[in-house]
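Please read them next to the model.

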Amino acid sequence: MPIAKHLAQVSLVLALLPVAAGCAPATPVAQPTTAPAADVKKTYADMVLCYPQLGAESDWRTANTASIKETAEQLGIKQLVFSDAQQKQENQIAAVRACIQQSVSVIALPPVVEDGWDAVLTEAKNAGIPVIIVDRSVSSDPSLYASHIGSDMVLEGQRAAAEMNKLLPEGGAILELSGTTGSGAAVGRAEGFRADLNANITILDSQTGNFTRAEAKPVMEAFLKKYEGQFQGIFVHNDDMAIGAIEAIKAAGIQPGELKIVSVDGTRGGFQAMADGWIQADVECNPLLGPQVFEMALKLMNGEPIEKSVLTNETVYYPDDALELLPTRQY
Ligand code: AHR
């Protein structure tokens, strides 16, 4: 065969090879060694967590903020979107909406009050952003949020009632300094307290001090004027308000222990007031929720199962070992 004709035939065969290969039965093809992106587990380095804090009204709140910020730092999350709503629900709602716009991974919301969250929780749900309710509760349908992490506020109220019952075994009259009106903490504590308070103890009056020292003091001053000599005890919904109330009580010339005070939180200030004889029992409310919040947020990002409700394990503190425990308190 002339060389030119032979070369032409070889070229034809080579040109047809890919076609022939395409028709051949499939041969195994090496698979990529990395899994497709959707199967890769998310880590803390991928996490953008939104924490629209409700305010800075108490030592409890300061400790809660610190726990969130410190845990974010320790875990090395991508970004913590933190804001302070100054105890205003409209500020919290605006902060949640900004986080939805930013497409954060998870929103962890400590709601200032229980009602009024349906619209913004629906918006988060429609955007595919899971919401963890932190600390206080919401009255919205549970289908609108992933989970709640926090204290059992009703149980705290029941524990406070049990302490008041022990402090006033013969019964008597008391006053209540309540937390922020409409907040899960105030509603739950008031409910639990009333449920377990002995029938021979009467609540003469209940006013809010909005969980702050500054607002509790004038409320206590007014109570002291109005009910002078008519009450033996006070149930105070947090230690900051107890400290504000004690200032007013001291100024009225009343001695430590003359009025039986039951408070909530277990802050350093509360421990000091117990050591000084002003508070007779302090029902614990733990603000150090950072580790649980971030752990759950990561599970949500990976579509892993989570508990619908995670309650904090808490106790009651007393004056007898308050001074000894004071240096060990983290908040
Ligand atoms: O929701 C928790 C309560 O809020 C704490 O008892 C109080 O100190 C804080 O302001």
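1. Which residues are around the ligand? They are Glu57, Ser58, Trp60, Arg61, Asp135, Arg136, Met153, Ala185, Arg189, Phe211, Asn238 and Asp265. A residue is near a molecule if one of its heavy atoms lies within 4 Å of it.

2. A word on the basis. This is a predicted model, where local features need pLDDT of at least 70, side-chain atom pairs count only at pLDDT 80 or more, and totals for chains, interfaces and linings use all residues. Numbering runs from 1 along each chain as its sequence is written, and side-chain values use heavy atoms, with hydrogens and water left out.

3. By class, the shell around the ligand holds six charged, four nonpolar and two polar residues. Here Asp, Glu, Lys and Arg count as charged; Ala, Val, Leu, Ile, Met, Phe, Trp, Tyr, Cys and Pro as nonpolar; the others, Gly among them, as polar.

4. For Arg136 the distance is 2.8 Å. For Arg189 it is 2.9 Å. For Ser58 it is 3.0 Å. The cut-off for a polar contact is a pair of N or O atoms within 3.5 Å. Taken alone, the ligand exposes 280 Å², and the protein buries 100% of that (Shrake-Rupley, 1.4 Å probe).

5. The ligand takes up the space of the largest cavity. A cavity is a set of points, on a 1 Å grid over the protein atoms alone, where a 1.4 Å probe fits but cannot get out. A molecule sits in one if more than half of its atoms lie within 2 Å of its grid points. Helices α2 (59–75) and α6 (184–196) are the elements that give two or more residues to the ligand shell. Helices are DSSP runs (H or I, at least four residues), and strands are E runs of at least two.

6. Domain 1 (44–150 + 287–312) and domain 2 (153–285) each supply at least three residues to the shell. The bounds come from an automatic or database domain assignment.

7. Check two backbone angles. Asp265, in strand β9 (residues 260–265), has a positive phi near 130 degrees without being a glycine. Asp265 is also one of the residues around the ligand. Asn210, likewise not a glycine, has a positive phi of about 55 degrees. Asn210 lies in the loop between β7 (201–208) and α7 (213–226).

Methods
Polar contact = N/O pair within 3.5 Å; in protein donor to acceptor, adjacent residues only side chain to side chain. 1 Å grid on protein atoms, 1.4 Å probe; cavity = no way out; pocket = protein on both sides within 12 Å on 5 of 7 lines; lining within 4 Å.
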